[in-house]
Amino acid sequence: MSDQQGRLSRQDHGRPVAPVRMVHLGLGNFFRAHQAWFTEHSQDAADWGYAAFTGRSAGIADDLAAQDGIYTLLVREPDGDRPEVVSSLSEVHPGDDVAALRSYFASPDLALVTSTVTEAGYRRATDGGLDLADPDVSADIEALRADPESDSVSTTPGRLVAGLLARRAANAGPIALVPCDNVPDNGAMVARVVGDLATEVDPTLLDWIEANVTVVTTMVDRITPRGTDEDRDTVGELLQVDDPQVVVTEPFAEWVLAGEFPRGRPEWPGAQFVDDVSKHEQRKLWLLNGSHSLMAYGASILGHETVSSAIGDDTVRGWVEQWWDVAAAHLEVDADEVVAYRQALVERFSNPRIRHLLAQIAADGSQKVPIRFGPALAAEVAAGRSPVGATRPVAAWIAHLHGHGAPVTDAQQDRVAEVAAAEPAEAVRTVLDWMGISDPAEALVEQVLSQVAEFEAAGSS
């Protein structure tokens with residue numbers, strides 16, 4: 001920090017603190033580039049403040065508290081940088097401040113709770129329900145059974161139930177839960193894990209939840225790479241401030257929501273409110289997220305580090321287009337919309353000012369690969385087809401698990417380690433089974449094995 005650069009402050013750089021009417025769980029970069037940004041641009045932003053809680057890193061809360069909760073969003077346009085200060089965080093807390101969380105839930109002013117904790121944060125079992133065998137989940141259940149006001153609650157489902165218990169006790173009225181993670185049907189996901197934990201803690205809470213809690217399903221989209229020292233230096237030069245919590249993002253942003261807000265919501269300009277988000281969700285999950293994962297595994301094996309570098313490689317671009325051809329045949333949205341969306345994705349991916357690391361995208365493939373590629377591949381196999389564009393993502397991930405390309409980091413590390421150590425054909429059958437193909441034809445297995453070998457040869461060259 002130079003002598004001329006000070007810290008951000010509301011008095012000099014932001015706007016006055018808005019009353020807290022929303023809580024957010026998962027105070028990460030995506031939330032600050034998306035939900036907080038949509039709120040910042042609402043005409044009624046002065047009436048809607050966020051109290052945000054960190055996930056695993058309390059340091060974010062400390063940094064933001066030191067600058068009145070405001071931060072810089074650096075929008076990287078293809079032709080330059082556009083910094084803007086976001087003031088929608090009225091309060092910030094470490095994730096373990098359960099007492100503060102409970103106090104917000106107990107207020108009738110609180111209207112909604114958004115969350116971005118990744119799929120792993122909801123602690124689901126393989127059947128989609130709450131993983132009651134998870135020791136942290138078990139600990140939360142025991143703590144809340146013994147004392148509904150316990151501060152010893154560590155999981156997202158546990159904290160939501162702790163908050164709802166406090167809201168019921170305070171007779172604070174209805175509330176909306178608004179999950180914003182990249183998970184199909186995320187509203188149903190949250191409704192189930194919250195209901196499962198409530199059942200274990202206090203079954204009488206279920207009737208209150210039924211009468212007072214709505215769960216909104218969402219689809220969210222905005223590429224948000226990790227910030228770097230260079231990004232922070234850029235903000236320092238443009239705004240003459242030192243902001244350790246700069247968030248970097250692209251110009252594009254999309255938010256589609258389906259559900260009721262019984263206590264209201266911000267105006268959120270540009271957000272779409274629909275009866276069913278599934279078509280939008282499917283389009284984004286298969287086309288954007290699917291191609292991201294394909295590049296994260298396959299293109300990193302070729303030596304690429306970023307999305308913009310990968311999509312600029314004609315070979316990788318061909319892989320992406322082949323996958324899109326497969327996925328598009330099974331989408332429910334209008335064909336013209338698919339064409340336009342594909343063109344827009346190429347433009348977004350090609351933005352050289354967005355340094356979106358393939359290694360970041362590659363994490364947690366065990367949870368991403370089945371939902372991003374499984375439905376379309378299973379549909380192709382059921383129709384008697386196995387195009388190379390549909391099996392290549394499977395092969396790229398298996399080669400990745402064998403140590404090629406981006407480093408392997410996964411929430412289910414033991415599970416993927418077993419796949420990596422298995423005999424190759426057995427590993428292929430296991431992954432195909434995860435993707436809904438329980439009895440693959442030998443020709444299909446051989447096709448994937450051949451593609452794995454191609455990737456691994458490229459990775460060794």
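This is a predicted model: local features need pLDDT of at least 70, side-chain atom pairs count only at pLDDT 80 or more; totals for chains, interfaces and linings use all residues.
Q: OK, what's the strand order in the open sheet of six strands?
A: The order is S5-S2-S1-S6-S7-S8, with parallel pairing. Strands here are DSSP E runs of at least two residues, helices are H or I runs of at least four, and both are numbered from the N terminus. Two strands pair if DSSP finds at least two bridges between them.

Q: Which strands stand at the edges?
A: Strand S5 (89–93) and strand S8 (213–215); each has a single partner strand, so one side of each is left without a neighbour in the sheet.

Q: And how much are neighbouring strands turned against each other?
A: By 20° on average, direction ignored. Axes are lines fitted to C-alpha atoms, for helices over the stretch in contact, and angles run from 0 to 180 degrees between N-to-C directions.

Q: Which strands does helix H7 touch?
A: H7 (residues 156–170) packs on the sheet against strand S1 (20–25), S6, S7 and S8, and its direction makes about 170° with that of S7. Contact means heavy atoms within 4.5 Å. Helix H9 (residues 205–212) also packs on the sheet, touching S7 and S8, at about 65° to the direction of S8.

Q: Back to S5: why is it largely enclosed by the rest of the structure?
A: Because four of its five residues are buried, where buried means under 20% relative accessible area, exposed over 50% and partly exposed in between (1.4 Å probe, protein chains only). S5 runs parallel to strand S2 (residues 49–53), joined by four bridges, and Phe53 stands opposite His93 in S5.

Q: Which residues does Ala100 contact, leaving aside neighbours within four places in sequence?
A: Phe53 and His93. Ala100 is in helix H5 (residues 98–105) and counts as buried at 12% relative accessibility.

Q: New topic: is Arg76 buried or exposed?
A: Buried, with a relative accessible area of 5%. Arg76 is in strand S3 (residues 71–77).

Q: What does the side chain of Arg76 make a polar contact with?
A: The side chain of Asp81, at 2.6 Å. A polar contact is a pair of N or O atoms within 3.5 Å; within protein, one must be able to donate a hydrogen and the other to accept it, and residues adjacent in sequence count only if both atoms are side-chain atoms. Leaving aside neighbours within four places in sequence, the contacts of Arg76 include Asp231, Glu250 and Arg353.

Q: How many aromatic pairs does the structure hold?
A: Eleven. In one of them, the rings of Trp37 and Phe38 have centres 5.2 Å apart and planes at 85°, so the pair is edge-to-face. Rings of Phe, Tyr and Trp (its six-membered ring) pair if their centres lie within 6.5 Å; planes under 30 degrees apart count as stacked, over 60 as edge-to-face and the rest as tilted.

Q: Which residues do ring pairs link into a cluster?
A: Trp37, Phe38, Trp255, Phe261, Trp268 and Phe273.

Q: What lies over the face of Phe273?
A: Arg265, at 3.7 Å from the ring centre. A charge sits over a ring if NZ of Lys or CZ of Arg is within 6 Å of the ring centre and within 35 degrees of the ring normal.

Notes:
Residues are numbered from 1 along each chain as its sequence is written. Side-chain values use heavy atoms; hydrogens and water are left out.
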